[in-house]
Amino acid sequence: MADPASLNTLAALDPVHERTGSVGDMTGPRGRRPRRAFSRANIFLYGTLILVSVYYLLPLWVMVMTSLKGMPEIRMGNIFAPPMEVTFQPWVKAWAEACTGLNCEGLSRGFWNSVRILVPSVIVSIAVASVSGYALARWRFKGSETFFAILLIGAFIPYQVMLYPIVILLRELGLYGSLWGLVLVHTIFGMPINVLLFRNYFAAMPEELFKAARVDGAGFWRIFLQIMLPMSLPIFVVSMIIQVTGIWNDFLFGVVYTRPENYPMTVQLNNIVNSVQGVKEYNVNMAATLLTGLVPLIVYFASGKLFVRGIAAGAVKG
Amino acid sequence: MLVPNHSVRIRDLTLTYGAITVLRDLNLDIHDGEFLVLLGSSGCGKSTLLNCIAGLLEPTDGQIFIKGRNVTWLEPSERGIGMVFQSYALYPQMTVRGNLSFGLKNARMAQAEIEARVAKAARILQIEPLLDRKPAALSGGQRQRVAIGRALVRDVDVFLFDEPLSNLDAKLRADLRVEIKRLHQDLDNTMIYVTHDQVEAMTLADRIAIMRSGKVMQLGTPDEIYNRPQSKYVADFIGSPSMNFLDGHYERGTFRAEGFQIDMAGYQLGAPQVADRPAILGIRPEHVATGALVNAAPIKGEVTVDLVEPMGADTLVWAQVAGKPFRIRMDGQARVVRGDRLTIGIDPSKASMFDAKTEERL
Amino acid sequence: MLVPNHSVRIRDLTLTYGAITVLRDLNLDIHDGEFLVLLGSSGCGKSTLLNCIAGLLEPTDGQIFIKGRNVTWLEPSERGIGMVFQSYALYPQMTVRGNLSFGLKNARMAQAEIEARVAKAARILQIEPLLDRKPAALSGGQRQRVAIGRALVRDVDVFLFDEPLSNLDAKLRADLRVEIKRLHQDLDNTMIYVTHDQVEAMTLADRIAIMRSGKVMQLGTPDEIYNRPQSKYVADFIGSPSMNFLDGHYERGTFRAEGFQIDMAGYQLGAPQVADRPAILGIRPEHVATGALVNAAPIKGEVTVDLVEPMGADTLVWAQVAGKPFRIRMDGQARVVRGDRLTIGIDPSKASMFDAKTEERL
Amino acid sequence: MATTHEASAIAESRAAPARRPMRLFRNLSAKIASLPMVLVAVVIFVGCTVWTVVHSFTNSRLLPKLEWDGLSQYERLWSTPRWYVSIENLAIFGILSMIFTLAIGFVLAALLDRKIRGEDVIRTIILYPFALSFVVTGLVWQWILNPELGLQSVVRSWGWQSFTFDPLYDADIVIYGILIAALWQGTGLIMCIMLAGLRGVDEEIWKAAKIDGIPTWKTYTHVIIPMMRPVFVTSLVLIASGIVKVYDLVIAQTGGGPGGSSEVPAKYVMDSMFAAQNLGQGFAASTMMLLSVIIILIPWAYLEFGGKKRG
Amino acid sequence: VDLEVTHWWTSGGEANAVAKFAEALNATGTHTWVDGAIAGGGDTARPIMISRILGGDPMDAFQFNHGRQAEELIEAGLLLDLTDVAEANGWKDLVNPSDLLDACTYEGRIYCVPVNIHSWQWMWLSNKAYEDAGLAVPTNWQEFVDTADELRAAGKIPLALGGQPWQSGGAFQVMAVALAGEEAWLKVYRDKDAEAVMGPEFTSVFEAAAQAREFAQGSNVQDWNQATNLVITDQAGAQIMGDWAQGEFALAGEVAGTDYTCLPGLGVTEVISTGGDAFYFPAQDDPEVTQAQKDLAQLLISPEVQVSFNAAKGSLPVRGDVNLEDVNDCTRKGLDILAAGNIVPATEQLLSPDTAQQINDLMTEFWASTDMSAADAQQRFSDIIANAD
Ligand SMILES: Nc1ncnc2c1ncn2[C@@H]1O[C@H](COP(=O)(O)OP(=O)(O)OP(=O)(O)O)[C@@H](O)[C@H]1O
Ligand SMILES: Nc1ncnc2c1ncn2[C@@H]1O[C@H](COP(=O)(O)OP(=O)(O)OP(=O)(O)O)[C@@H](O)[C@H]1O
Ligand SMILES: [Mg+2]
Ligand SMILES: [Mg+2]
């Protein structure tokens with residue numbers, strides 16, 4: 001096999017030998033390429049990410065720091081500086097003492113209202129959306145896609161357009177002012193995006209599974225409950241996060257479609273923030289803001305990776 | 001009635017998606033206890049047909065009978081069928097036992113009966129030790145066994161398989177193929193099996209239906225399909241490596257092509273009288289005699305080896321005849337290399353001849 | 001130097017992911033112009049090895065030489081390799097032409113040169129009419145041709161294929177296999193080809209490397225691998241239907257098993273002296289003589305047919321020997337049915353014998 | 001043979017219930033289950049929209065009334081300077097926020113996709129603002145951008161006396177001040193979607209590009225981004241649906257100021273309906289918003305869905 | 001009976017005042033005041049109120065600026081007719097000035113209770129700010145204009161102005177009545193005479209407004225009371241704001257005359273407008289509630305409540321027969337002007353909310369952008385007036 005031609009080739013490669021070591025003794029680079037921990041690319045990459053993180057964290061930092069300062073310190077100093085003297089008074093005030101009109105109970109009054117709104121709204125809206133998404137993905141009927149298209153366009157309609165007609169609608173249904181009326185409104189407005197997510201998710205699930213279940217004699221509901229549901233944790237997490245944040249943060253619906261005893265926390269927040277008494281009490285405002293944002297934030301931090309996974313399954317495909 | 005006992009009858013089945021017609025006036029009778037394989041290239045409508053039989057797709061027109069019952073409008077679960085899918089389609093969150101009993105529970109069967117059936121199916125398929133595992137903890141072959149078990153427990157008249165082995169590797173595929181064959185021998189159910197793997201089709205089928213664009217091209221035993229294909233399409237489709245085709249003319253008992261002619265005396269014509277016409281002669285690579293066997297063949301010739309593909313048990317040799325590639329299948333122990341001259345022999349009785357225009361068998 | 005002209009040399013290659021060692025001290029020399037197939041079951045590290053050669057994975061230890069150059073630390077594009085992937089990995093938004101020329105443009109090649117190369121590759125692969133289509137408008141086989149073209153235009157020394165045909169159906173797979181083989185004959189490049197399909201391996205390879213858990217079990221020509229497997233693993237792995245194994249004892253030139261014994265006189269032992277020990281005898285189904293050939297075989301016996309799998313060109317018969325399934329491959333024209341008694345003959349010179357403990361060839 | 005077929009077929013069809021069941025009742029539970037969706041689509045989205053459009057041709061004031069007033073609400077709308085300011089702002093805000101959200105979202109996702117350490121932490125940091133409402137977002141950024149207390153004063157206190165950054169009090173750039181807050185709140189979600197999209201890209205594509213010697217950035221621009229079209233479309237839909245509704249943020253951050261320079265259409269609608277008690281005007285403005293949405297959506301829907309049917 | 005009352009009085013002084021109502025109602029023993037305060041001003045609160053009334057689940061009473069805002073609700077029969085209470089208690093005689101009650105009257109029936117008189121026509125000046133700049137506190141608009149530059153030089157904002165549109169519209173309207181005179185003002189605001197807008201009187205108003213715009217540079221606040229706070233903390237020299245600003249001064253412990261100075265009608269034309277707040281009562285089915293609503297209506301206008309409420313709110317009582325003792329300087333001035341009958345109607349009574357909104361928008365734009373000339377603004381103002389209904 002060692003013919004002269006091959007020797008020629010080797011000779012021609014000689015300059016290379018000098019650079020990378022000869023074949024004969026098998027020297028030269030070996031194993032993993034040596035890599036500086038601080039390569040230029042890495043510095044750029046991590047540098048950018050750190051800068052970005054600072055930008056995103058800055059407001060949170062400002063909120064927390066401000067909420068721990070007293071008013072004089074705020075007026076004097078730098079909003080980014082940590083408090084020289086930590087005080088929890090603003091938190092106490094925001095939670096329990098801040099006044100709106102005659103009510104001086106702070107946010108505490110709204111918190112439980114928000115919970116009472118949140119729980120049924122999230123459950124009902126997700127239940128309805130998931131069933132609809134499932135029907136759209138797996139049980140198409142004549143016109144179902146048209147309804148879905150309308151629903152999607154509905155996502156773009158400004159809420160203001162529907163504020164009045166829905167008031168009238170709720171009045172006719174006798175639900176106006178009740179908690180269930182509000183649940184209905186949240187279900188309606190959460191529908192487009194959630195149905196889209198669920199539909200895409202269920203459509204991406206193997207069709208054969210669904211067929212197998214039908215052959216096994218399972219009907220619409222049984223397939224949904226026993227086959228689809230147990231496989232849909234990620235998308236439920238995504239949907240839940242979107243609904244929890246959306247509903248918890250809602251102000252307009254909460255205030256337009258219910259009565260004061262049901263006003264959610266955001267109404268209190270708005271009241272605290274907008275009831276300026278003399279100077280704005282920024283520390284109280286920030287504490288109130290943080291308190292209000294706590295629930296969705298916790299949900300976010302807790303759900304972590306599932307969210308990305310669910311998004312991947314529900315938003316990207318389809 | 002004198003007709004054979006039909007298990008599944010399909011009458012004028014048509015299925016369209018908007019403007020696309022996937023199945024067109026399809027008729028098919030499947031005998032009781034028969035193993036019928038639907039074979040065809042991708043997209044020809046095999047799965048669609050199977051789904052129609054299962055009731056998972058609604059036909060646009062036509063009727064489907066199972067065991068003499070018109071099931072066209074029945075729910076899948078009421079048709080007495082079981083189905084096994086390519087992707088196994090096991091319920092991922094249930095154990096194997098749960099998977100097997102799901103359908104039975106849906107039918108509100110008594111617990112004791114369910115257990116008995118699951119146990120029996122598990123025994124038959126040898127998956128008893130796996131009953132409490134979840135599908136994720138099973139290998140591909142085991143999963144497919146469970147999927148088969150799911151059909152088994154339901155004690156159905158007709159088994160439908162949609163490419164059940166495609167997701168398995170070659171080795172496992174061969175093993176499971178044998179198991180399915182055995183299962184059929186033991187159960188004597190009707191089985192309809194979709195595949196596009198012809199080895200599977202040939203080994204498993206009692207009869208094969210070759211499909212093309214929503215129509216059945218030929219329905220027959222593997223032997224018929226292989227040895228007496230009714231059209232060039234079927235001839236080309238079946239057999240790997242595929243049949244060699246030679247273009248030429250049929251003239252009074254002789255096939256003439258550029259550079260040679262073959263006396264078709266031993267060939268059994270489809271019709272007593274065949275007029276002269278342009279024709280195509282098809283010869284399977286393994287029907288080309290080489291070595292010692294050449295002498296037994298009526299017609300001989302010589303070719304040059306272009307390419308050699310050793311495949312273990314046998315060796316495929318590529319040569320040229322009339323300017324077109326010509327495949328010859330030789331024994332695995334044959335030692336040939338590129339450039340060798342090879343004497344070959346052809347036996348017209350093992351060949352197939354087609355009309356050049358209609359591509360139908362002559 | 002007297003070493004053969006090596007195109008790719010791999011020295012002590014080790015790759016670990018944390019605690020998992022995927023490749024362990026792997027050495028492999030691939031000749032210039034050779035078609036080497038890496039064959040092994042799923043997860044044995046074939047792709048990992050290929051990716052190391054391509055420079056897509058960094059080895060933990062060891063060296064890689066291509067054409068005598070130590071490329072261990074070079075970028076993939078500088079190694080003079082082209083790679084073809086199972087999923088084709090075409091750039092979906094570019095036309096075929098764009099796919100072929102993207103790499104060249106990036107290397108700032110002159111426009112005229114690029115065009116010439118693309119045209120040449122397109123001619124070789126017969127994809128000229130497709131040049132202005134996007135991948136989505138191509139069939140699987142066409143896509144894979146384009147993917148090969150992408151390596152072709154780069155005029156590389158070494159082609160790497162990672163299961164390029166797995167996504168294609170059987171028919172197309174067979175066709176493309178031949179094309180790759182032809183391509184290799186025409187180009188005379190070194191090709192390293194990963195597959196777990198043994199037919200592919202057998203037909204394509206100049207040499208096959210059988211891998212198992214990150215090690216090369218046997219490296220040899222298809223003929224060597226098939227006929228003289230060095231271990232039971234390799235023997236079992238190669239060949240479909242797989243080899244029949246009989247458990248027994250090797251005692252002074254004779255293989256004894258429950259119920260029968262075989263005189264191993266014709267068997268070529270690996271070592272001149274082999275001590276008595278428990279052994280396993282392996283016989284390929286196609287090496288079991290039947291019909292007229294039985295008389296030529298030194299050892300004869302009789303079995304009952306359990307199951308028949310007609311496969312067109314040949315027929316697989318399942319029987320039992322010493323209580324274990326025993327496969328026999330017969331001619332496709334053979335007519336046997338379940339229950340038939342069959343006389344078989346075995347030729348020890350075509351058998352393989354392994355140590356029962358080490359499973360190595362005796 | 002043919003006659004036997006016929007006979008048996010007839011026998012079979014006589015014996016069995018061969019009638020096609022009523023279409024309406026097939027899969028009844030699926031239809032019942034879809035009822036809420038159908039109702040929402042028809043009653044709420046179509047019904048309320050029609051209601052609004054109809055009332056935009058009336059002179060409804062505090063209460064909706066069906067007193068026809070022709071096109072006068074529209075004439076009035078298009079002769080109102082504030083409306084022009086609003087749509088101009090929305091256009092600037094919309095285009096910029098689309099571009100920046102997509103760009104930043106993608107770049108961040110691409111950075112995170114580089115197998116970096118601490119990906120989870122950074123992803124959470126970028127995503128968390130999405131949990132906060134626009135009201136909160138507006139407040140915090142109003143606070144940070146406040147020239148007397150926020151960023152500007154801090155930088156000045158470091159000695160850079162001439163540093164000026166008070167977008168919320170400068171009519172010319174106030175919309176950018178809002179944009180900063182909007183981006184802070186919204187990019188996280190888009191980044192997540194993009195990240196998911198990037199993770200969905202076949203790894204072999206990357207390998208192929210590496211072997212072709214394509215630099216990473218070029219692989220992104222020439223291969224990956226074109227591949228992620230559906231992801232970009234989803235993102236765009238999400239961003240766009242948010243943009244049309246931008247209201248809370250403006251209210252919380254600037255209240256439309258300074259001098260009405262950060263007005264947006266949604267605010268115009270709200271103010272017309274409730275402050276000016278001129279419902280007809282508000283409805284006319286909403287109708288225009290809706291119209292613009294439809295004008296944007298129809299070509300998109302046509303591209304997305306129209307093509308599929310033909311192919 | 002629990003009576004839910006919705007209002008947007010949430011600033012310190014306002015809340016204090018509302019508390020007087022609540023105390024009075026709770027003191028009856030039979031009724032309870034349920035407070036439904038919504039912060040953010042009328043623009044936030046109005047949609048909520050209207051939705052609730054429309055939705056068929058109204059509150060029991062709500063605060064509104066009386067005037068033309070509620071007309072349609074009355075037409076639709078959604079509000080409680082208070083005529084019987086009014087007649088029984090002789091509101092007609094005791095409400096002073098009488099046009100306050102007229103504003104509550106629609107086709108001869110009375111639908112609301114006026115609770116206070118608020119006048120817009122005030123300018124509030126910080127004595128300390130002028131002192132710091134070494135200046136005398138101005139006594140009229142001209143003096144203010146003359147000293148503005150010096151004040152600015154001393155690092156003070158001459159004129160504090162918040163960013164809410166109604167503040168801009170209001171400040172302009174105050175300047176208009178003060179500088180153009182009552183007659184010209186009425187021609188424009190009441191008679192909708194677009195010609196008058198282009199007349200010399202209003203030309204000078206617009207010029208003055210353009211000057212004022214200069215003076216207001218630098219007051220980067222949004223809410224009115226933050227602007228007031230600039231005056232309280234002596235960062236700004238003056239603010240044009242209604243008498244409700246007094247509540248803030250009071251809350252900050254400032255004393256009229258010593259800490260701050262007030263100039264009704266900008267010290268030029270000493271009139272006050274008789275705007276104010278009123279309470280409406282949505283019609284309810286439950287007769288018990290209806291009775292309670294009427295009780296509340298009567299209570300709101302009762303002398304004791306009027307005194308305590310208005311003292312806290314810094315506004316004037318709606319009845320002439322109550323005696324406000326120890327009122328401060330400014331309130332005294334207001335009462336005197338009221339007694340002298342130098343009153344003009346409030347703009348809410350003259351302009352529809354729609355027109356008011358348009359004017360506010362124009363003024364907001366004008367105050368904020370230095371590139372809109374006085375003449376341009378005048379022209380656009382005239383267009384709005386020409387189209388006003
Ligand atoms: N929902 C659908 N809408 C339109 N056409 C469809 C639809 N489903 C299937 N088809 C078309 O019907 C034809 C038959 O599809 P089918 O799945 O039955 O093929 P197949 O023979 O099973 O192929 P494969 O071997 O790839 O599974 C295909 O050409 C396909 O494009
Ligand atoms: N990133 C990784 N981290 C840890 N283990 C890995 C990783 N990638 C691969 N492996 C492991 O390395 C082993 C070899 O993988 P490789 O992809 O090379 O197998 P293969 O022989 O190509 O198999 P296949 O035929 O399925 O492609 C597998 O067991 C796999 O689990
Ligand atoms: Mg199929
Ligand atoms: Mg691999």
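How do the residues of the shell around ligand 1 divide into nonpolar, polar and charged? I looked this up first. They divide into three nonpolar, six polar and two charged. I counted Ala, Val, Leu, Ile, Met, Phe, Trp, Tyr, Cys and Pro as nonpolar, Asp, Glu, Lys and Arg as charged, and the others, Gly among them, as polar.

**Ground rules**

I am working on a predicted model, in which local features need pLDDT of at least 70, side-chain atom pairs count only at pLDDT 80 or more, and totals for chains, interfaces and linings use all residues. Residues are numbered from 1 along each chain as its sequence is written, chains are lettered from A and ligands numbered from 1 in the order in which they are written, and side-chain values use heavy atoms, with hydrogens and water left out.

**Ligand 1, chain B**

I listed the surrounding residues, taking a residue as near if one of its heavy atoms lies within 4 Å. The shell holds B:Tyr17, B:Val22, B:Ser42, B:Gly43, B:Cys44, B:Gly45, B:Lys46, B:Ser47, B:Thr48, B:Glu163 and B:His196. Helix H1 (residues 46-54) of chain B supplies the largest share, three residues.

The side chain of B:Thr48 places an N or O atom 2.3 Å from an oxygen atom of ligand 1. The backbone takes part too: a polar atom of B:Gly45 is 3.0 Å from a ligand 1 oxygen, and an N or O atom of B:Lys46 is 2.9 Å from one. On its own, ligand 1 has 640 Å² of accessible area, and the protein covers 59% of that. Areas come from the Shrake-Rupley method with a 1.4 Å probe; for residues, only the protein chains shown count as cover.

**Ligand 2, chain C**

I then turned to ligand 2. Among the residues around ligand 2 are C:Tyr17, C:Lys46, C:Thr48 and C:Glu163. This shell has three nonpolar, six polar and two charged residues. Helix H1 (residues 46-54) of chain C gives the most, three residues. A polar side-chain atom of C:Ser42 sits 2.5 Å from a ligand 2 oxygen. For C:Gly43, a backbone N or O atom is 2.8 Å from an oxygen of ligand 2. The side chain of C:His196 brings an N or O atom to 3.5 Å from a ligand 2 oxygen. The protein buries 58% of the 640 Å² that ligand 2 exposes when taken alone.

**The sheet in chain C**

I traced an open sheet of six strands, order S6-S7-S8-S3-S9-S10, with mixed pairing. Two strands pair if DSSP finds at least two bridges between them. Strands S6 (81-84) and S10 (215-220) of chain C are at the edges with a single partner strand each, so one side of each lacks a neighbour in the sheet. The twist averages 20° from one strand to the next. Strand S3 (residues 35-40) and strand S9 (residues 207-212) of chain C run parallel, joined by five bridges. I found C:Leu36 opposite C:Arg207 in S9(C).

**Strands in chain B**

Last, I followed strand S20 (residues 341-346) of chain B, which pairs antiparallel with strand S15 (residues 288-289) of chain B over two bridges. B:Val288 stands opposite B:Ile346.

Notes. Polar contact = N/O pair within 3.5 Å; in protein donor to acceptor, adjacent residues only side chain to side chain. Helix = DSSP H or I, 4+ residues; strand = E, 2+ residues; numbered from the N terminus. Axes fitted to C-alpha atoms, helices over the stretch in contact; angles between N-to-C directions.
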